[in-house]
Amino acid sequence: MDEKEEHDYYFGNLPKAASEDELRRFLEEYGDITRFEFRLAKCTYCPTKIAYIVFSKAIDRDVLEELNKKTFQEKRLFVCSTKMEKFFTPLLSIVVRYLNEHISEEDLYKHFSTIGAVECVQKPAHNYAYVSFMDNSSVRSAFEMKKSLKGIEPYIVAVRRKISMFLEHRKPMPYASLKEKCDKLELIYNPAAENENTNLTNDEIYEKCSEYGLVEYIQRTDAVNYNTIVRLDSEKAARKVTYIKTIAGEDVVIRFYTSKMYMAPTFASRVVEKSVPPKRSRKESMLLHISDIEERRLLTMLPTIDNAGYINPNPQFYRNEVQVWNHAPRQGLVEFRDFLKKYGTVINLRELKEHSTSPIGVTYLSFETKLEARRVCKLNHSFMCSRRLLILMADQCIRHDPKLCVKVSNLTEEITDEDVHDRFSMIGDVRLMQAVEAEMIKSKNFTTLSMGDQFNLVRGIINQCMSYSVFLSMTGDEKIRHLISGSSDFRQIGTFTLFTYPEQLKMLSTIENYYRSTCPPGSLPAPASDEPSRTPDINNMVVLTQDSKDAITHRTNAESNPTALANSMDLDDDDIPPAPSPPPISFRSRSNSPIAGNVAKGKTASRKRSSKNSTPAQGPKAKLAKKTNEETWVDKPYVYVSNLPKSFSQQFVHSMFSKYGTIQHISEPQSGDPHSTTYVLKFETMHQARMAQDLNLMMVQGKLIRVEICKRPHKSRPGRTITVVCTGIYSEVAIFETFKSCGKISFIRTIEKPEGEVCQIDFEDKESATAALKITYLHNGNRCKATPHELSSPH
């Protein structure tokens with residue numbers, strides 16, 4: 001036995017390109033190799049491969065330690081005997097996550113060697129690695145490290161269980177004979193087992209035991225008592241097998257194996273251990289199964305509300321629609337039909353995007369019946385092309401609960417949806433995850449840069465914004481010339497010039513917008529006024545006349561051309577034709593629109609009212625007309641929209657509020673604030689006017705817009721109203737952003753007083769007002785004081 005003894009060793013962290021001859025030449029000084037086997041050579045998930053090498057003689061411990069310090073093709077080896085398997089333990093190991101393919105094991109070894117002796121570094125995949133230390137104090141120091149590694153700050157978590165350092169164990173070797181197997185497993189060999197003859201075969205025993213768990217191996221040891229050893233993968237499966245009484249019609253006795261003497265008689269009664277009764281065990285397993293089904297069902301049920309803005313462009317071709325989010329790009333009708341063929345037939349597809357180049361969009365799928373559509377909605381959290389789908393009915397939208405939702409921003413293109421899902425799954429169950437598009441640097445040249453070069457380039461431009469105040473007031477062309485001139489401290493000129501001129505302008509604009517959003521309002525110089533665009537905007541219309549060959553641009557609005565607004569909104573979906581194609585719709589109809597008549601009438605009426613108001617009121621008829629006018633405002637669905645930016649046109653306001661109903665009339669009364677614009681909208685019904693109040697106190701270009709029903713002043717309620725005074729520059733926006741964290745704000749206004757401005761805030765409930773009284777600082781750093789508002793008693 002000693003002469004034939006072999007010494008098996010595990011070699012880890014081998015390069016993928018390493019060949020067997022190269023490794024044999026590298027190890028020839030350590031002894032004769034009798035058997036060699038590469039593993040994980042074709043695995044695309046693991047960046048390295050391993051090898052099991054059998055030597056004729058054992059390697060000394062000192063030589064083994066020296067071998068673990070050597071590198072083979074720039075890879076530090078990890079060598080261990082298979083008889084002494086090592087583990088990553090919670091006491092001495094950590095997990096380093098969110099890595100990339102540019103960070104190797106040697107980089108991690110040098111990074112963590114500064115805090116303590118490292119025993120082993122193993123990178124099973126590109127995005128994470130295990131590090132094992134010699135001392136527990138090094139583990140505590142690793143959690144306190146703030147040092148970056150190749151431009152990335154490693155995210156370190158604890159190891160919660162024993163993890164083998166062997167990426168893959170050796171497969172069991174086939175034995176040539178029963179005697180060889182008994183020798184290897186240290187079992188007693190009985191020659192009678194070679195010529196056994198029984199009606200109960202090993203295949204029958206294997207099939208029966210496989211119903212309760214995975215059978216690792218099975219071997220009959222004698223032909224007298226027909227003793228057969230069966231090893232299962234878990235103790236739970238072995239315990240279930242002990243309840244078997246018959247196999248293939250023959251009575252059997254099964255007991256736990258507790259010794260190496262397989263020849264012990266088996267006619268003794270079966271061992272009865274203290275365990276859960278079978279009836280109760282079946283009941284518990286049934287309840288656990290029901291619980292798992294309920295959890296999966298609750299996971300697919302999303303918190304939704306009715307989407308009032310949902311519009312079906314053509315009910316004849318698009319019906320019973322569901323909306324699908326987070327799917328992979330370039331997924332068409334054929335791919336969705338093949339994926340959902342078990343649940344229903346997809347008859348049509350349309351895709352909506354914010355703009356044509358947007359990478360994120362929503363796909364609407366049409367089905368034959370409503371039942372098929374609802375059945376497909378139960379496929380939430382299912383995977384299609386490695387993407388976790390989010391599916392709901394087309395006329396529904398997700399209700400985001402502020403208490404249960406978080407917003408994750410500043411993500412890069414390298415971070416996938418599953419990375420975010422896995423990260424937050426460590427905290428709790430993720431109910432849903434929806435990706436929305438944010439402004440970022442989107443350039444093929446930018447994404448090909450390493451993360452370190454990306455960081456240095458953005459930081460260099462930010463430093464220019466901070467160091468040179470004149471830089472922010474330059475035009476885009478002047479900024480590019482300033483950066484590449486060499487007169488500034490900008491050191492990334494070589495990287496910056498890799499981009500094209502439009503990409504450079506887009507990058508500078510994006511970084512400047514981000515930098516301005518992080519600074520207090522008014523603390524930075526105003527941006528440079530860019531040259532006017534040569535292409536007409538939305539509010540311009542090009543008219544070709546017969547007298548002139550050139551195009552004359554006229555300013556239009558909802559009063560002069562109301563059909564242009566509807567056409568601009570309808571054209572968003574025109575690039576996705578239905579299948580089969582519906583009848584063509586003309587977007588340039590010459591017929592008169594009833595809306596134009598109403599607008600014209602409203603315009604004429606407003607002129608008449610202005611001319612009437614210019615003359616002094618005479619007699620009781622004028623008072624009666626004034627009273628009738630006020631009653632008209634109260635009875636009809638008029639909405640007063642104030643504090644809008646000056647750049648907002650009637651067309652833009654129409655597009656904002658048209659999702660709540662039909663707007664019959666838009667007028668622009670004179671605003672008391674020279675820095676804002678005011679509009680009065682007339683809806684078709686009073687319900688639509690109330691729905692439009694959802695946009696009240698919405699932030700638009702740094703302003704809080706007010707939306708309220710005309711001639712219906714707000715009435716403050718006791719216990720829900722507070723007044724806020726603050727130091728420094730008064731900012732209503734800063735006060736709103738600070739106090740909205742206490743609860744929903746229904747009304748806010750600024751009151752001019754001799755001692756300064758005072759902000760009055762009304763909350764929806766008393767608890768929010770009570771919590772707001774404890775705030776002493778605004779988000780911009782200024783001090784503030786909130787006191788209960790005393791309502792004037794009626795006389």
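1. A residue is called buried here when its relative accessible area is under 20%, exposed when over 50%, and partly exposed in between, using a 1.4 Å probe and protein chains only.

2. The model is predicted, so local features need pLDDT of at least 70 and side-chain atom pairs count only at pLDDT 80 or more, while totals for chains, interfaces and linings use all residues. Residues are numbered from 1 along each chain as its sequence is written, and side-chain values use heavy atoms, with hydrogens and water left out.

3. The whole structure holds 0 disulfides, a disulfide being a pair of cysteine sulfur atoms within 2.5 Å. The closest cysteine sulfur to that of C465 belongs to C519, at 8.8 Å, which is too far for a bond; for C759 it belongs to C726, at 8.3 Å, again too far for a bond.

4. There are 14 aromatic pairs, where rings of Phe, Tyr and Trp (its six-membered ring) pair if their centres lie within 6.5 Å, with planes under 30 degrees apart counted as stacked, over 60 as edge-to-face and the rest as tilted. Y9 and F55 make an edge-to-face pair, because their centres are 5.8 Å apart and their planes at 75 degrees; Y9 and F55 are both buried.

5. The rings of Y10 and F166 are stacked, with centres 4.2 Å apart and planes at 20 degrees.
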